[in-house]
Structures are given as structure tokens and as C-alpha cells.
Amino acid sequence: MGEGHLSFRRLTSIRHRKKRTARKDEAETSLISSSPPPPPTPITPAAVVSKAKKKAGGTRLWMRFDRTGAMEVVECDKSTIIKRASVPARDLRILGPVFSHSSNILAREKAIVVNLEVIKLIVTAEEVLLLDPLRPEVLPFVERLKQQFPQSTDVSENVLQSSVLLDQETGEGLQSELPFEFQVLEIALEVICSLLDTSVDALETEAWPVLDELTKNVSTENLEYVRSLKSNLTRLLARVQKVRDEIEHLLDDNEDMADLYLTRKWIQQSQQSEADLGETSSYLLSRVTSNKSSSMVTSSTKDNDNVEDLEMLLEAYFMQLEGMRNRILTVREYIDDTEDYVNIQLDNQRNEMIQLQLTLTIASFAITANTLLVSLFGMNIPMPLYKMDDVFGYFLSSVTAVCVVLFLLTLGYAWWKRLLGS
């Protein structure tokens, strides 16, 4: 009985131990599951700055200039420019640094995208959006805009000036004064042509003295100057050629030129919307549509095909760029002529050196023949000639005469074959 009672106690203690172990495991599991979440990682100022840079990475400096002379410089991202100017995103890539050396004048529905050298802008019927206006190369364009469209302090005067300008553009003024977008395009072409003309003048001023000096003295320094001059000429010719080709492309297509008439399209759309809605949206729009209806209703189709104003504008700058291109080609032809002249000089010197080398070779042949005869008679061979008196002088003079005759005969043969110059 005692042993059974002890075994029962042991079993009971083992069961109690298992229950306590299970309770401890459950308590630990509940603590682990109910433990509070780890504290959030603190945001450092560097992380905030990096996020701000990522957000502001697409913003660029733009200047907005409207037809009344109002101007402001703002930082805008691509989406803002796309919404404001109604241009596709690919056009902003054209204005980016990848296409910085290209020249494009693209017509869109409500804007003109202009990429000419350092001037990158978007022109609408009412305003200009200029990229990077604070660059030194772009400042002349900004000054010309200010001179062309002076700013007025009175708002009513601005509206009146704008309406009068639009009246001139929509009515008889189309023949005498260009629309707003063409005036901006003309200023851009004028600034670019002035910049290129200055570069061509500097190239010509540098080219003529260097090329004249090269014809007088063919040295390594002068050749290095000409090499750098040719590289500058090639780059400048490519710049002028790109702008010229873009203008020529527009001149060859009347539809592209017609698409550049933004003011005309804007007036027609306003007139169409007024005809559909039967109401005017503003005083400026009423002035535009009233003048338009009185002067251009009967000739809208004719005006759509009329591109004479733009054609005359583009032809003027095309001829100016063609003149610059011809001047650059003249400098390149002069460089080519100078190089040909230098090559002729070098060939002449090379021929003289070859003739001198041939003469020395003939003399060496005659001297070698003399040495051969002297060597033959200088051997220890018994000869009766050795026993004759005063034979050395006669022998030496005879051998020398033979060598001179041999030299003259060989030289005469070279002259006869015209291997030596006259």
C-alpha cells in the first residue's frame, strides 16, 4: 500500500509540473504577441532635404512675358508648363539639355515651341514662356522683348493697348504689323542671327592673319592654330546650318507656316465659341470677335492659306543665314587653298631633298669606285708597276680622273632622265 501511495504522488507531481510548464509557455507566447510595436524611425533633416530635391528636381526657371509687357520669373515643373501652354511632354524634352545643340520651330495647336541655340521658349497667342531667362546669352532677347512690348502701369491702358493690337492683327493691320507670336519669333531670330554673325566676324578676324602667317612660315605652332581654327569653323558652320535648315523646312511647307498663326486660330476659335454659345466672355473677346466678324467673315478661307507675312519674315532671315554660311564656306575654301599651297611647298622641299640625296648617292658611287681601284692596287701582289719611278703621281691622277668622269656620266644620265631639276 505504501508503494502504491508513493507512485500515485509521483504521478500527481509530474502532472502538476507539466501543467505549470504549459502555463509558462502560454504566458510567454501572450507576452510576445502582445508586445508593443517598435518605435518609428526618426526622419532626419538629410532625408527631408533629399525628398525635397527629388520633388523639386523637375522644376526649372521660366519667365512669363505677355503681350501687355507684364513679366514674372517663376519656377515651374513640367506638368505646370504642359497645362499652361497646352503642349505635349515630348516638346519639353526638345527644350531640355539633350537637344541643346539642335534648332527646332514646332507648331502646335495653341503654341509654338522654339529651340534656337540658347533661346528656348514656348510662344502662345497671349504670352511667352522663356526657359532659363537669367543666362547671359538670353538677356539680349529679354531686353528686346521689353523694348518691343513696353509695360504700362495702368491696367485699363494695358487692356486697351492689347485690344488695339489685336484689332490691327485681325483687320487691316495684318498687312502692316505682325501678330504677337511672329513678333516674338522675329526677335528670337534677330538675336540668334546677331549672335551667329558676331561669331562669324570673330572667325574671319582670326582666320586671315593665321593663314597668311602659315603661307610664310610652316611651323608646328602655326599648324596648331590652323587646326583649332578648322574645328571652330566646323562647329560654327553646323550651328548656322541647323538654323538655316529649320527655316528652309518651314518655307517649303505652307501648312506648317499656316499652323504658326496662333492669333488667327485663337480668333477663329473664339468666334466659333461665341457663335455656338451666343454670348461673349470678356470685353477683349467682344472687341476681337466684332472686328473679326466685320473684316474676316467673308475671307476666312483665304486667310487660312495666306502665309505671305510669315514667308517674308522667314525669307529675310534665311537670306541672312545663307550669307553667313557663304562667308564661312569662303573661309573654309581659303583654308583648303592654304593647305594645298603648304602641301605644294612641302612637296617641293621634299623633291629638293630627294635630288640632293640622289646627287650625294652618285658622288658616293664615284668615290666607292676610286676606293675599289686603290684597294686593288694596294694588295701585296708582285707587279712591274711597283718598280717604276714617279709612278704614284700618274696613277693617282689617272684614277681620280676616271672617278670624276664616272661621276659626270652618272650625273648626266640622271639629268637626261629628268631625275634632277633644271
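Helices α9 and α14 run roughly antiparallel to each other in this predicted model, and the reason is the angle between them. The axis of α9 and that of α14, a helix spanning residues 308–377, cross at roughly 155°, and since angles over 145 degrees count as roughly antiparallel, the pair gets that label. The two axes come within 9 Å, and α9 passes α14 in a left-handed crossing. As for what sits in this contact, there are 19 nonpolar residues, along with nine charged ones and one polar.

Helix α9 (residues 220–251) also has a partner in α8, which covers residues 180–216. Here the axes come within 10 Å, again with a crossing of roughly 155°. That angle makes α8 roughly antiparallel to α9. The crossing of α8 past α9 is left-handed. Sorted by class, the residues where α8 meets α9 come out as 19 nonpolar, three charged and two polar.

Within α5, made of residues 139–148, the buried residues are Phe141, Val142 and Leu145. These three span an arc of only 100° around the axis, so they lie on the same side of α5. As for what covers them, α8 is one of the elements involved. Strands take part too: the cover includes β1 (60–66) and β2 (71–76), as well as β5 (119–123) and β6 (127–131).

How values were computed
Residues numbered from 1 in each chain as written. Predicted model: local features only at pLDDT ≥ 70, side-chain atom pairs only at ≥ 80, totals over all residues. Heavy atoms only, no water. Axes fitted to C-alpha atoms, helices over the stretch in contact; angles between N-to-C directions. Helix = DSSP H or I, 4+ residues; strand = E, 2+ residues; numbered from the N terminus. Parallel < 35°, antiparallel > 145°, perpendicular 65-115°, else oblique. Left-handed = near helix turned anticlockwise from the far one by under 90°. Nonpolar A, V, L, I, M, F, W, Y, C, P; charged D, E, K, R; others polar. Buried < 20%, exposed > 50% of the residue type's maximum accessible area, 1.4 Å probe, protein only. Arc of directions from axis to C-beta. Contact = heavy atoms within 4.5 Å.
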